Amino acid sequence: MTSSVPRLVIAAPSSGSGKTTVATGLMAALAARGLAVSPHKVGPDYIDPGYHALATGRVGRNLDAYLCGPELVAPLFLHGARGCDIAVVEGVMGLYDGAAGQGELASTAQVAKVLRAPVVLVVDASSQSRSVAALVHGFVSWDPEVRIGGVILNKVASDRHEALLREALESVGVPVLGALRRAAPVETPSRHLGLVPVAERGAAAVAAVAAMAAQVSDGCDLEGLLALARGAGALSGAAWDASEAAASPTHDRPARSAGQPAPVVAVAGGAAFTFSYAEHGELLAAAGAEVVTFDPLRDERLPPGTDGLVVGGGFPEVYAAELSANEGLRKEVAALAESGAPVAAECAGLLYLCRELDGLPMCGVLDATARMTERLTLGYRDAVAVGDSVLAGAGTRMRGHEFHRTVVEPGAGTAPAWGVLAPVKRVEGFVERGVHASYLHTHWASSPGVARRFVERCRTS
């Protein structure tokens, strides 16, 4: 099976060049033309896909060659791009930056090569003129397998500045497909972990995306970008399928006895818990669960009939007072955990399950406290399950990602969740009763048995 969905990768020489503005604006501009746009983000980032979803009306999806393996990049891309007219993939960091010490692994360049997609390089031109040619030439020649099909100049100061940049780039042989001026309305606020998520900004996020779309429409050659996208190479192989992935090793579809209701898995959402990969919910549903989203900031009770609970990442530290004030829900979460029901918590979810966060009472499921710090913990992790849990059997290997400015004390329970193998050997997280709580963000598409195991425990607990 082959697919020829038109596609582009939006990359840059470094972070801060304007990738998110250009990628999101391009997605929104193409969607405004009536095209079905499939949005993607290289790497583990949860925040940018929220802006992509707002721009396209479709779920933003991640393509992470470290968390999922290079072999799943194309199938996951094809899954997200089903039925779409074009796909736009926003890169991560600089074009050739990947997992530390791992060569090209998890870099935008690697993903572009796997997808056989042309790259558009977004260059911050604010402090250069003729030097832009040397910069672009270096990126074009570094890896001949990466096809840089065009350049978009960002933060251009004036018409004269633009003319100098275009003249310099004529010698490189890469077309300039856009030149964007500075525009304050396009700027999005940031805080300790990056951009403020869409779910917290409401109308302001809608206005920002509209401004991005207008800027890209006015300053970029949309026809040229579409033509470049249509020149992407054909992809062979099948799209990822949650039902197939969630099937048992014997390839039987998940089944339940006649008349047995689907177990209800409550998934935390709302402004405090915005970090999730769409494939997690799809895998839970494919494994036979009824997935119900609830908002711990607003809902005073868990969804009716909750058999299991998933609390992913987000910003509980920003909403600690509101989460603490929702005492009724905190007590329900504690009672559910005490009953032995399956509970999976990652990062923000870990903090929510602690006894307190920054001195404010939380759910008290774990005998641990959490607090904000100035230190950023960031990076990929190789991990192994220390013992059996509702997510994995002892010895299960998974890859994860940490991204937080908080600390939990103690950092691990008597039965830790993971033994982290790299970059530093240690144990972390908690396994207690049916609870699996950890700082590690994982992508279940890489180990779909996690979802199947969790749902089975929901049926039997």
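# Reading a sheet, its cores and its aromatic pairs

Q: In what order do the seven strands of the open sheet run, and is the pairing parallel or antiparallel?

A: In this predicted model, the seven strands of the open sheet follow the order β4-β3-β5-β2-β6-β7-β8, with parallel pairing. The edges are β4 (61-63) and β8 (176-181), each of which pairs on one side only. From one strand to the next, the twist averages 25 degrees.

Q: How many bridges join β2 to β6?

A: The general idea is that strands of a sheet pair through backbone hydrogen bonds, in either a parallel or an antiparallel way. Strand β2 (residues 7-11) and strand β6 (residues 119-124) run parallel and are joined by three bridges.

Q: Which strands are joined to β20, and how do they run?

A: Strand β20 (residues 418-422) runs antiparallel to strand β18 (residues 369-385), with four bridges between them. Ala 383 has Val 420 of β20 as its bridge partner. Strand β20 is also joined to strand β21 (residues 426-428) by three bridges, again antiparallel. Here Gly 419 has Val 427 of β21 as its bridge partner. The strands β20 and β21 form a hairpin, with three residues between them.

Q: Which residues have the most contacts inside the largest nonpolar core?

A: In soluble globular proteins, nonpolar side chains tend to be buried together. The largest nonpolar core in this model has 119 residues, and those with the most contacts inside it are Leu 26, Phe 77, Leu 95, Leu 115, Leu 153, Leu 284 and Phe 454. Helix α1 (residues 19-32) gives the most to this core, with seven residues.

Q: Which residues is Leu 26 in contact with, leaving aside its neighbours within four places in sequence?

A: With those neighbours left aside, Leu 26 is in contact with Leu 8, Ile 10, Val 88, Val 216, Leu 222 and Leu 225.

Q: Where do Tyr 46 and Tyr 277 lie?

A: Tyr 46 is in the loop between β3 (37-42) and α2 (47-56), and Tyr 277 is in the loop between β12 (264-268) and α11 (278-286), so the pair ties together parts 231 residues apart in sequence. Both Tyr 46 and Tyr 277 are buried.

Q: What does an edge-to-face pair look like here?

A: Phe 273 and Tyr 352 make such a pair, at 5.6 Å centre to centre and with 65 degrees between the planes. Phe 273 lies in the loop between β12 and α11, whereas Tyr 352 is in helix α14 (residues 348-353), so this pair ties together parts 79 residues apart in sequence. Phe 273 is buried, with a relative accessible area of 4%, and Tyr 352 is buried too, at 1%.

Q: Which residues form the aromatic cluster with Tyr 46?

A: Tyr 46, Phe 275, Tyr 277 and Phe 315 form one aromatic cluster.

Q: Which residue lies over the face of Tyr 66?

A: That residue is Arg 399, at 4.1 Å from the ring centre of Tyr 66.

Technical notes
Residues numbered from 1 in each chain as written. Predicted model: local features only at pLDDT ≥ 70, side-chain atom pairs only at ≥ 80, totals over all residues. Heavy atoms only, no water. Helix = DSSP H or I, 4+ residues; strand = E, 2+ residues; numbered from the N terminus. Buried < 20%, exposed > 50% of the residue type's maximum accessible area, 1.4 Å probe, protein only. Phe/Tyr/Trp six-rings, centres within 6.5 Å; stacked < 30°, edge-to-face > 60°. Lys NZ or Arg CZ within 6 Å of the ring centre and 35° of its normal. Pairing = 2+ DSSP bridges. Core = buried A, V, L, I, M, F, W, Y, C linked by side-chain atoms within 4.5 Å. Contact = heavy atoms within 4.5 Å. Axes fitted to C-alpha atoms, helices over the stretch in contact; angles between N-to-C directions.
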